[in-house]
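Have the model open as you read.

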Amino acid sequence: MIQVISIFALGINHKTAPVALREQVAFAPEQVSQALRELTTATSISDAVILSTCNRTELYFNGSASQAEQVIVWLAQFHAVDGSELQQHLYLHQDNAAAEHLMQVASGLDSLVLGEPQILGQVKQAYNQARNAGTVNPQFERLFQKTFAVAKQVRTDTEIGANAVSVAFAAVSLAKQIFGNLSKVRVLLIGAGETIELVAKHLQEQGAGALVVANRTYERAVLLAEQFDAAAITLAQVPAKLAEADIVISSTASTLPIVGKGMVEQALKRRKHKPMFLVDLAVPRDIEQQVAELEDAYLYTVDDLQTIVEQNLSNRQQAADQARLMIRAGVAEFAQWLTLQGSVDWVRDYRQRCEDIRAELLAKAVNQLSAGQDAEKVLAEMSTKLSNRLMHSPTKAIRQLGQDDELNKQTMINTLLDL
């Protein structure tokens, strides 16, 4: 009898576990290969992939329910964490649900930021590490290749990643809409916290050239500027440098405005009224509201950008609905492939049994003919026995399907007649 092996997806993520626990069960890149070997040895599973990012640690593997329990124990022991605490935050998906979860993860539907593109590369890296470790066999090869195909289709045929869903990205996207090519645009970033760092990253990705980072603490400005090949200045130098900036994006923790109307007015005069695009991501505001009154200054606040983000999130949700339909289709195709693999084994076994019966009856008939028995009677007997023995098992299987499953019975009959 062919043993059916289940596919499992086991893990924790930003939805189910606090960051402190996620940090404890994370796998460093250099740990993964050895961890895969230890996992397969300890649990006797043959296929395993470990996906570990800042927001999730997931193990994809095949096996039985008891082996799934062994994997949980192994995970807790490997990271020296309390097993009972870990159990409270784990999720475990099986078979189609496991395949669907993997495809949702790879497509960005399960990410902290809906539709973020980095996760697909991380899933591919996890798959390649497992292949190199020898823990990807034909079943998982097919599963992950189908996953990559579905994720690519989601990216190509939906708008899941087309719109900005963070104020930092929205600010840069708006700047790109206004200026087009950012390579010749000069940008002044005020602040050196996480938001400005994210803005700088997006600007760099969009090809922005000349960046200047201004911060109250000069050393912090230098640290951030070095990451993006930018210049660093202090806040005291902002009035002198403001005229050089085509784009100003500010996000500090200041309780008072840093850029006032008069400062911008003077900068515009020195720029001969060449337009300036300003984005204030701070709360309280870094840029005086009255700056928007200036004819050549275009000021956007965090509230303006939040409206854009909310609309874009709504668009991504619609795209996610489309993506889920694609994922369900992908899961169905993979499940069909799995079923066919079982059918291939069943057909192979059936053909071998038929061949054994044929050889047995032929040998008997040859002996009868050698003993001088009537050839016509020998052939008639052999053909009757051959038909009866070949029909016995399929006939019994058809009867077991029951009277109410005429479609499946006819399908089996047609299949057997085509063998």
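Helix axes here are lines fitted to C-alpha atoms over the stretch in contact, and angles run from 0 to 180 degrees between N-to-C directions. Helices are DSSP runs (H or I, at least four residues), numbered from the N terminus. This is a predicted model: local features need pLDDT of at least 70, side-chain atom pairs count only at pLDDT 80 or more, and totals for chains, interfaces and linings use all residues. Residues are numbered from 1 along each chain as its sequence is written, and side-chain values use heavy atoms, leaving out hydrogens and water.

**α9 with α10**
- The axes of α9 (residues 194-205) and α10 (residues 218-227) come within 10 Å and cross at roughly 25°.
- That angle is under 35 degrees, so α9 and α10 are roughly parallel to each other.
- Ile196, Glu197 and Gln204 of α9 are in contact (heavy atoms within 4.5 Å) with Arg220, Leu224 and Gln227 of α10.

**α5 with α6**
- α5 (residues 96-106) packs on α6 (residues 118-133) at about 125°, with the axes 8 Å apart.
- On the α5 side you'll find Leu102, Val105 and Ala106, which meet Ile119, Leu120 and Val123 of α6.

**The cavity**
- A cavity is a set of points on a 1 Å grid over the protein atoms alone where a 1.4 Å probe fits but cannot get out; lining residues have an atom within 4 Å of a point.
- The structure holds one cavity of 30 Å³ or more.
- The largest cavity is lined by Leu361, Lys364, Ala365, Gln368, Val378, Glu381, Met382 and Lys385.
- α13 (302-370) and α14 (375-400) each give that lining at least two residues.

Terms used
Parallel < 35°, antiparallel > 145°, perpendicular 65-115°, else oblique. 1 Å grid on protein atoms, 1.4 Å probe; cavity = no way out; pocket = protein on both sides within 12 Å on 5 of 7 lines; lining within 4 Å. Points joined across faces, edges and corners; volume = space filled by probe spheres on them.
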